[in-house]
Every structure is written in C-alpha cells, then in structure tokens.
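Student: I would like to learn how to read aromatic rings in a protein model. Could you walk me through a case?

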Amino acid sequence: MHARLLVILFKFDTPRIKVKGMLQFKDKRLVKFGTYIASLRKERGLESKDVTKNCSLSTKDLQSIEDGSKNFGFTTLLELAKGIGISPKDLLNIDLD
C-alpha cells in the first residue's frame, strides 16, 4: 500500500507530456537544463532560429531540449554549444541537484 501511495505522489509532482497517446514523465534534470539553455540563449539575444542556423540542430529539437522533453546525446550537446556560441564546458556549468 505504501508503494502505491508513493507512485501516486510521484505522478502529480513530476512534469508530464503526452507522446503518441501515452503519458510520460519528464526528468526534472532535463527540465532544469532546458530552462538553463533557454536563458543562455535569451541572454545572448538569440532566437531559436539563430541557434539552429549556427549548428545542425532543428528548431523542433531545440524546442524539445528547452522544454525538457528530449534526452539527447553528446554530439547534440556539442552542436547546442556551437549554436549558442559558448564552449561545451560553459554549457555544462549548471547544478542539476
């Protein structure tokens, strides 16, 4: 019974998205990182199209990263840094705890 209660609390405390008719939960670290990416972009006066013009990411991919719904790989991280115009090291300068 306790495990069931924890699952219910978890569901209401976690951001959710719908993917192909299924309810999925966003990882809080991805949401926090996406918010950070969006703030870095805006601090530099960049629109989404400016970032994607400078790298090989699509606008859809960038939006998915910024809203925390896309888990991505290392090469995407490199392209994201390139698009924003900062080093990958600076891109990772965030506390995800």
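Tutor: Let us look at the aromatic pairs, and then at the confidence of the model.

Student: Where in the chain do F33 and Y36 sit?

Tutor: Both belong to helix α2, residues 28-43. They are 3 residues apart, so about one helical turn separates them.

Student: Are F33 and Y36 buried or exposed?

Tutor: Buried means under 20% relative accessible area. F33 has 7% relative accessibility and therefore counts as buried. Y36, at 17%, counts as buried too.

Student: Which ring pairs with F33 at 5.8 Å?

Tutor: That is F72: its plane and that of F33 are at 35°, so this pair is tilted. The pair links distant parts of the chain, since F72 is in the loop between α4 (59-66) and α5 (74-84), 39 residues from F33 in helix α2. Together, F33, Y36 and F72 form one aromatic cluster.

Student: What is the mean pLDDT of the chain?

Tutor: The mean is 84, and 75% of the residues reach 70 or more. Over residues 1-12, however, pLDDT stays under 50, and the model has 3 contacts beyond four places in sequence for that stretch. Where pLDDT is low, the predicted coordinates should not be read in detail.

Notes. Residues numbered from 1 in each chain as written. Predicted model: local features only at pLDDT ≥ 70, side-chain atom pairs only at ≥ 80, totals over all residues. Heavy atoms only, no water. Helix = DSSP H or I, 4+ residues; strand = E, 2+ residues; numbered from the N terminus. Buried < 20%, exposed > 50% of the residue type's maximum accessible area, 1.4 Å probe, protein only. Phe/Tyr/Trp six-rings, centres within 6.5 Å; stacked < 30°, edge-to-face > 60°. pLDDT = per-residue confidence, 0-100. Contact = heavy atoms within 4.5 Å.
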